[in-house]
Each structure stands twice: as C-alpha cells, then as structure tokens.
Amino acid sequence: MKLAWSNARALTVATALVAVSNAVALGGVAYNRSGEPDSVLQLTEREIPIQYSSWPDNENSAVHLRLNWRVVFGEDDTFPTVEWLTRDRLRQLGFDLPAADATPDDRLRFARQPAREVFLALEYDGAAYQTMLERARARLRTAEAALAASGSEEKLANVRGARAQVESEERRSSRLFVVAADLDADALRARYPDRKHYAIVRGRIDLWIGSDAINPQIDGIATETIRVPYVYRALVEPYARERSYGERESRYAATVNFGRRHEPWIVQLARI
Amino acid sequence: MNELSRTEAQRRADDIRVFRHELARLQAEQVLTLTDEQQRAVTRHHEVLLGSYTAAYDIDRDQQAQQLSLGMRIASFLGAVALAASVFFLFSQYWGLFPTWLQVTLLVASSLGTLLATFLIGRRDPTGYFAKLAAMVAFACFVLNISMLGQMFNITPSDKAFIVWAALASLLAYTFDLRLLLAAGILCVIAFVSARVGTWSGVYWIYFGERPENFFPAAALLFGVPLLVSHAKFQGFAALYRIFALLTLFLPMLVLADWGWTSYLPFSSEAIERIYQVLGFVVSAAVIRLGVRREWRDTVNTGIVFFVIFLYTKFYDWWWEIVPKFVFFLIIGLTSILFILVMKRLRAAAQVREGTR
C-alpha cells in the first residue's frame, strides 16, 4: 500500500478533524445537560471549596471548585476501612480477592490490582454525616467523663481536642459522603432515589494493604473539580486569590446539577 | 510544491557530493581518467540538477549548509515548544475573564487558525522550517483546545482524546515531513491502544501503565504499520515506527522481568519474572536477526541495546552480591568482547551475502 498525499486534501481532513472533535465534545456536554438533571444538590463551601492549582496551572484565571467528599470509616479499626465495601461487594465490582489462607506475597499481589472504574453514590447531609457528627459528640462525652473522673492535663487536652472536632463537624467539615458503589448507575439510583440528596458519579476504587489485610479505598471521583461559570466568577474570585487552605465556615453556596453523563455543573452560586 | 520530493532531492544531492569526492580520489590515484569533455558534461549535468533542486527545494548543497540546517532544525524545535507554551499560558492567564461562548470560540479558532496558517506558510516556505514550526504550534493548540473544553465543562477525562490528537499529529507529520510530530502521534496511539486494552479487564483507563502487558498490542500495531504501508518517500518514518514498537515491547518486558506481580498471568511473581527474562533474551535476539536480514539498522541497534540490558540485569542479579567487584566487571568486559566477536561474524556473513548478490 502506498500513501497518496496532497496538501489540499490534508487541510480538508485536518479541518474536519478539528471541527468533528469539537462538535463531539460539545455535543456530549449538551447531552449531559439536556432534560431533567440526574440530581440537584444544594452545596456550600464546606462541600465545594476552592481548588487551588500548582504550576503550571497556577496562573489560570478560571476558578474551579472541588467536590470535597468523605467516607465513613470503621470506628474500631487501627487502619481505616470502608465498611460497606465488603468482600462480596468488591468481588461484584470486579476485584480478585485472595483466599483466606493466602500467603503474604499473594495478598500483596492482589492488593496491587489497579483501580477499577465504578459508579459512586454521593450523599449530602444524610445518615453518613449524622454518624460522623454523633461519633464526634460521643467522643466528647467520653472525654468529658474521663476528665470528671480524674482531672489531669492530658484529659483536659483530650476534651479540648474532642470539642474542636465536634465544632469542626458542626460548622466546617464537608457533609458530602461516598456511601455506595456499583457497576450499574441505574441500580445505584434505585437504591438512592432521592435526587436532592444523592448524586451518582463516576469514580474509582482501589485496594491497599494494611495490617496484613487487604483494604478497599475510594481512589477518586472522575470529575472532582467543577468550573465556576463566568457569571459567578466575580463572587468567588477574591477567595481564590487568598489561597487559604484547610476547612472553614461557608462563605458561599451553590446549586450543583449532575447530568445524564453524571458530570456536574454549577447552575447558581451566591454568597451566604 | 511537493514537500515529499524534497527528501529525494536532498538524497540525490548527497549522492552527487559523495560521487565528486570519490571521482577526485580515483583520478588522483589514476584509476579513472575522464576526458575534459566528459568532466565538463558531468559537472554541467550535476550543476543543473543541484541548481534546480536548490531553487525548488532549498536543499543543502554541502556539509556546511547541512550543519547550518541542523542548527535551524534545532531552533525550529525550540521555537515550536516555546510558542506552544506561550499559547498555553496566554489562554491560562486570560481566558477566565471571558464568557463561555467566547472561550469556546477562541479555542476552536486557535486550532483552525493555526492549522490554516501552517498550510499557508507551507506553500510559501520551500525550506519547510517555518511550516514545521507552525505545524507543531497547530498541534499544541489542538491539544489545548480539547483538554480545555474538558476543564470548562467538567467532562469526564477520556482516553479517546488521544486518538484525535494522534490523528492530527500524524496528518501534519506526513504532510510536512515532520518526525517529531510523528513521534507525538505514535505516543498518543500507544496511550490510546494500551488504555483500551486496560479497560477490557475493568481497570480505570488512566492506570493502564500498571499492567505492562497492556502495551503489547500497541507494539504489534506499530511494528505492522511500515510493513503494510510503504514509507519510502518519508525519510526515517518507518524506522521511527519500528523503534517505538520495540520500545513499547521491550520496556514493559523489562518491567515484568523484575516485577512479576504487575502481570496478568496467573502464576507466581517468580515464575512470571523468569518467563519474561527468557522472553527478553529470545525476542531481542530474534529482533536482531530480523533486523540483520531486512537491513533495518534501527531494529538491530534497538535489539542489541535491549539484549545487553537484559543480559547485564541478569548478571547483576546473579553475581553482584556473591563475587568480588573486579570479577563482576571482568565478566561484563569479557561478555562485551564476546558480543563484539559475534557481531563481527554476523557482519562478515552479511557482507558475503551482499557480495554474492
């Protein structure tokens, strides 16, 4: 086979390639945003803080927010484990897991499986958040009881720490939790039909080895950053210039839609 | 202007230069004597040829011109990288200040505008240096175009972007005889094919590198391209395909030969490492043999490099800890001598074959 090439033909093909690529990308965006959104969450800065970029993107004049999700870990474990990601669930998600009598080398090999793509259910201000809030309060009660029994400096420091944690949970920490995973988005939606408190997003789960056991973890969400539309940029741009990291009380709230392709976008943003 | 025949014109000009040197030697050694008329006819013919090539294609007529051309190629490459970076930072710094419709328009216009400019420059630039520079900027603008649309509209990252980038890079590479863009296109193809293969087993596409075997289909595909499509008019293109194919084959094999747990194979890590160590030797030796037979110098050299790497890696595993260091390096040195002797025999055999043709 021989290549026949002419500049005129090459220019036509290249132009068509650029046009079609842009059309496909923008068509996908239009499809995602068409019809009723898959879910509509009312989030605050606690759940969508400003995303700061490092070089080479630190001169980016666009402002992005980050979906600040959390997971409820098992309370008693030395190593944090996601309790709802059971061995059966992991197998359903496609992971190979070692037998109970597997050698440490085998376990290591299984734990090194690359992350798998799944759908995740994001819960806003629901049972998961209440669990974490209640845990913080219970820790404070325990610390206060211990301090009342013997008033040492250490016990006092424990109470101060527990109180700060309760305050953080009540006023600053994110209330957005990953609560379930499935390979089928519809199955996940059927389990969590409340579209104002549960969003279905694409994400990844992977494994790590801790305390000689294989533990699953949420590796990330596919669309973790959300761009602030031009019309709302002026509202949050001063905060973006501050570059202050860490949790803080909310200064703005936004309505975030998740579309047919589970991709988010901001439809409304206002200062609180 | 047909850019493809510039390579052929340059090759002919190089042949003429070599011919003149050898003719001068033969005449000095009185092996061959041309009459004045013959001498004038040959010189006139060559001058006419070189003059027409220079006028049409701005070829390098002598070694000095060739060295200056190399300098221009390097400057062209650095200029393209700098201009592409400039475009990126220009967008980054100001585009947040524009409404969405204007951002989209600017992105698409930058892709189409630089593409059009590249072809216009290509028509007016017989040397091709400015056209090549413009082509690289056009490719950078297109990469920026697609990736920034993804950022703007929070689109789920997809490996499919690689295939359209590969298509444009290859198209510009073939049109403007640009090996750098062909390499960029090949890298995009490797990323796309390997990611696709990775997703077949449920792995999230961006982690395709964690299973080195994902790269093997891309290696086979790249090696097959110059076998199926003649690249005689594109200097160095076929070699580039083969080199990238072999890198895509041998680098993952090298990883698997040391870290067997990254494999798909359902065996123990040690067994997998042994399999790939043996395969590394066998395949690199086969590649050297194929390269010698087909007279692909690039293939022979790549095969040799990896054969030596596989060999020295094993030497290190076997002996680094247990023998004195002077013995270890002595073994390495003796192996190199043995290797030279083997290659010498291969070369002699090839020369005999050449002589009998």
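I took a nonpolar core to be a set of buried Ala, Val, Leu, Ile, Met, Phe, Trp, Tyr and Cys residues joined through C-beta atoms within 7 Å. I called a residue buried if 20 or more other C-beta atoms lie within 10 Å of its own, exposed if 12 or fewer, and partly exposed in between, with C-beta atoms placed from the backbone.

The model is predicted: local features need pLDDT of at least 70 and side-chain atom pairs count only at pLDDT 80 or more, while totals for chains, interfaces and linings use all residues. Residues are numbered from 1 along each chain as its sequence is written, and chains are lettered from A and ligands numbered from 1 in the order in which they are written.

**Entry 1, core.** I looked up the largest nonpolar core and found 136 residues. Those with the most contacts inside this core are Leu122(A), Ala135(B), Phe139(B), Trp165(B), Ala169(B), Leu172(B) and Leu181(B). Helix 5 of chain B contributes the largest share of the core, 16 residues. Helices (H or I, at least four residues) and strands (E, at least two) are DSSP runs, numbered from the N terminus. I then checked Leu172(B), leaving aside its neighbours within four places in sequence: Leu172(B) is in contact with Ala135(B), Ala138(B), Phe139(B), Leu178(B) and Leu181(B). Contact here means C-beta atoms, placed from the backbone, within 7 Å.

Axes are lines fitted to C-alpha atoms, for helices over the stretch in contact, and angles run from 0 to 180 degrees between N-to-C directions.

I noted 25 residues (100–124) and a reach of 36 Å from first C-alpha to last, close to the 36 Å expected at 1.5 Å a residue. The expected span is 1.5 Å times one less than the number of residues. The buried residues of this helix include Val104(B), Leu107(B), Leu115(B) and Phe119(B). Their cover includes helix 1 (7–33) of chain A and, from chain B, helix 3 (63–94), helix 5 (129–152) and helix 6 (160–176).

**Entry 4, four-strand sheet.** In chain A I found an open sheet in the order 5-4-6-7 with antiparallel pairing; strands pair if DSSP finds at least two bridges between them. Its edge strands are strand 5 (176–182) and strand 7 (213–221) of chain A. The twist averages 45 degrees from one strand to the next. Eight bridges join strand 6 (residues 198–210) to strand 7 of chain A, and Asp206(A) has Gln217(A) as its bridge partner in strand 7.

I located Thr225(A) in strand 8 of chain A. Thr225(A) counts as partly exposed because it has 15 C-beta neighbours inside 10 Å. Apart from neighbours within four places in sequence, Thr225(A) is in contact with Gln51(A), His64(A), Leu65(A) and Arg66(A).

I counted 44 residues from chain A and 44 residues from chain B. Helix 1 of chain A gives the most to the side of chain A that touches chain B, with 13 residues.

Notes: Two residues are in contact if their C-beta atoms, placed from the backbone, lie within 7 Å.
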